[in-house]
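This report examines how the parts of a predicted protein model meet one another. Please keep the sequence and the structure in view while reading.

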Amino acid sequence: MNPPSPAPAAGPAWALRCRGLHRHLGQGEGRVHVLKGVSFEAERGQVYAIVGPSGCGKSTLLYLLGLLDRPDEGEIEINGRRMSNHDDAARTAARGEHIGFVFQFHFLMLEFTALENVMMPMRKLGRLSPAAMRERAHALLDSVGLGAKTHRLGTQLSGGEQQRVAIARALANQPAILLADEPTGNLDVRNSNLVFDLLTRLAKDNGQAVVLVTHNPEIAQRCDVTRPMRDGLFV
Amino acid sequence: MTSPNLRIAYRFLTAKKRAMVMSLSCTVLGVGLFIVTQATTSGFERFFTKTILGINGAIRIEDKIQDTMRSMAAAGGGDSHFGRRDGVKYIEGIEEPQALMAAVREFANVRGVSAVVRGNVQLQSAFKAEDAQVFGIRLEDHVRVSDLAEQVTNGSLEDFRNSPTGALVGRVLADRLQLGVGDSLVISARGASRRVQVAAIYETGYREVDKTNVYLHQPEARSLLKRPSGATFLQISLHDPARAPQDAARLEQVLRHSVKPWQEREKTWLAVFRALRISTMITVSVFTLIASLAMFNTLAMIVLEKTKDIAILRSMGYERRDVTRIFLWQAGIVLAVGAVAGALLGAMVTWLVSQVPLPINGIFKTDRFIVTWDVSHYAGAVLTAVVMVMVASLIPARRAARLEPGDIVRGTAQ
């Protein structure tokens with residue numbers, strides 16, 4: 001069962017756009033120019049893969065796009081709204097409303113059940129009533145095949161199951177953009193395919209832009225667009 | 001539990017059971033010990049105050065003030081003067097006690113006033129002689145300014161009232177002279193002697209008083225001390241003894257007599273109790289400080305262990321202030337449970353302490369440990385714990401809020 005979808009958002013076809021992003025990491029002599037003027041845009045309903053060797057700046061770019069980090073230079077627009085220069089509160093609000101994250105290491109909150117993990121972003125956004133939140137969380141967990149394990153704690157789920165809960169949680173607030181950092185990096189082949197299929201199906205169904213960083217060439221091949229990176233630039 | 005921050009705080013806290021129990025125990029102990037030490041310290045202080053007020057009243061008026069003023073006519077023959085107050089002289093005793101008593105009774109806070117004639121005497125029983133002080137009183141007046149009625153242990157006040165030559169003798173003095181109710185003794189002063197009968201024996205618990213004070217009816221004392229008029233002092237009781245210093249100042253100003261409130265009269269003992277209170281406050285503050293350090297330690301540990309969770313929350317739209325609140329809620333939960341449990345522990349230990357046998361006789365008389373039941377002790381304990389624990393919790397809470405989600409995720413991913 002698919003969860004109820006929102007009405008298509010009005011505005012530009014792209015959900016996410018960045019221009020000339022620069023980012024340095026480290027300090028002093030260890031300071032490294034990780035991103036050297038990267039530009040990128042992601043349209044709704046499309047799945048993008050960012051690939052490249054370790055240390056080329058894929059994850060750094062993803063965290064900048066997800067407003068988890070600030071660029072040294074350049075612009076980021078979310079749903080047509082320039083976000084790179086906003087204060088922390090505005091960027092946090094935009095994350096909660098427009099962006100869903102899936103991390104490599106699942107990052108479930110292990111003291112909470114699968115259902116509570118999925119409800120957590122909804123509770124913060126506060127758009128739905130508690131009953132509606134619960135209903136949507138159940139529907140999302142159903143859609144990732146975990147309808148029977150909604151009341152299990154994070155510690156009682158396997159790695160693949162935790163990643164599926166993380167996907168359901170990322171979709172909880174119906175974000176326009178889904179960012180995934182090596183979402184299948186920690187999973188076996190069967191679970192990798194399952195998670196990727198889920199991500200792409202749910203995103204396509206809901207008209208969301210999906211940007212994923214991956215080392216897996218098979219996964220990258222199955223995406224709509226593949227963007228290889230090297231030394232802080234798209235090639 | 002509707003607040004998402006409170007819900008998260010509760011889970012974070014219960015996930016660290018051992019650290020939480022440690023913080024909770026310290027808070028419970030801090031609050032409980034605060035209550036017990038306050039209850040015991042102020043218990044003895046209040047009992048001492050009650051004893052003192054029951055013997056000497058709240059205020060004493062002694063000695064008339066005689067001002068000396070050097071005046072000089074201003075140059076130019078005008079009628080204006082300037083003066084210099086160059087000291088205060090006293091005329092011993094009260095010359096017109098009735099007039100003064102009438103004036104004192106006009107003060108709203110005054111409950112009773114008694115004129116007392118005092119003098120040094122020697123007592124002679126069949127066995128022994130002892131020096132003592134005679135206090136000539138009007139019983140009806142004096143029972144309103146003292147606890148004499150409750151202090152009688154042998155005989156009765158009624159016997160004293162009905163016996164013009166009766167005497168009220170202190171317990172220690174009676175024991176030294178081997179006197180019992182109905183026995184007679186000779187009182188000598190200024191070359192004169194007279195025989196009186198022990199109408200009752202009283203015990204205040206204040207050894208110095210019980211060892212020296214003998215109460216006689218005023219006409220008998222006047223005759224013995226050869227003092228037909230006046231009084232040595234006026235003893236006053238108040239509805240609110242705490243206001244004695246203000247009332248004393250007003251009385252002195254209006255009556256032009258030396259007026260001393262009980263707080264000034266007993267300042268040595270009160271200073272001892274104050275020192276004791278401060279000393280116990282310091283001890284208790286150390287306990288509360290330990291409680292706050294334990295809370296700080298617990299939260300700092302949770303912040304370290306939950307950086308990933310903080311990054312997740314921040315990635316989901318939880319603001320910095322939400323993170324701060326989540327950690328402050330944890331302190332709040334420990335405080336709420338700790339305050340209730342600490343108050344219960346404090347009440348229980350206070351009751352147990354009040355059952356401990358502890359015979360004391362010197363500045364007051366008691367057979368048991370004295371405690372005070374006062375809601376302000378509980379409020380003070382909780383308030384101290386709240387301030388110290390919340391201040392200690394602010395540091396890790398703010399540290400958690402300052403964490404950059406990008407840094408955390410990048411650090412974990414690498």
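## The interface between chain A and chain B

In this predicted model, chain A and chain B bury about 2,500 Å² between them, 61% of it on carbon and sulfur atoms. Buried area is the accessible area (1.4 Å probe) that two parts lose on being put together, summed over both. On the side of chain A, the residues that lose the most area to chain B are A:Phe107, A:Glu111 and A:Lys124, together 26% of what that side buries. The contact (heavy atoms within 4.5 Å) takes 25 residues from chain A and 25 residues from chain B.

Residues are numbered from 1 along each chain as its sequence is written, while chains are lettered from A and ligands numbered from 1 in the order in which they are written. Because the model is predicted, local features need pLDDT of at least 70 and side-chain atom pairs count only at pLDDT 80 or more, whereas totals for chains, interfaces and linings use all residues; side-chain values use heavy atoms, with hydrogens and water left out.

Six salt bridges are found across the interface of chain A and chain B. A salt bridge is a side-chain nitrogen of Lys or Arg within 4 Å of a carboxyl oxygen of Asp or Glu. In one of them, A:Lys124 pairs with B:Asp322, and the closest N and O atoms are 2.8 Å apart.

## The side of chain A that touches chain B

The elements of chain A that give two or more residues to the side touching chain B are strand 1 (14–25), helix 1 (58–65), helix 2 (88–98) and helix 3 (114–125). Helices (H or I, at least four residues) and strands (E, at least two) are DSSP runs, numbered from the N terminus. Helix 3 of chain A provides the largest share of this side, five residues.

A:Glu116 is found in helix 3 of chain A. This residue is buried, with a relative accessible area of 13%; buried means under 20% relative accessible area, exposed over 50%, and partly exposed in between (1.4 Å probe, protein chains only).

## The two domains of chain B

Chain B is divided into domain 1 (4–54 + 269–413) and domain 2 (94–231), with bounds that come from an automatic or database domain assignment. Their C-alpha centres lie 53 Å apart. The contact takes 12 residues from domain 1 of chain B and 10 residues from domain 2 of chain B.

Between them, these two domains bury about 710 Å², 45% of it on carbon and sulfur atoms. The count between them is one salt bridge; the side chains of B:Lys50 and B:Asp147 meet in a salt bridge (3.8 Å, N to O). Helix 2 (residues 17–56) of chain B gives six residues, the largest share of the side of domain 1 that touches domain 2.

## An enclosed helix in chain B

Helix 9 (residues 218–225) of chain B is largely enclosed by the rest of the structure, because six of its eight residues are buried. Among the buried residues are B:Ala221, B:Leu224 and B:Leu225. Their cover includes strand 3 (110–124) and strand 4 (129–137) of chain B. Just after helix 9, B:Lys226 takes a positive phi of about 55 degrees.
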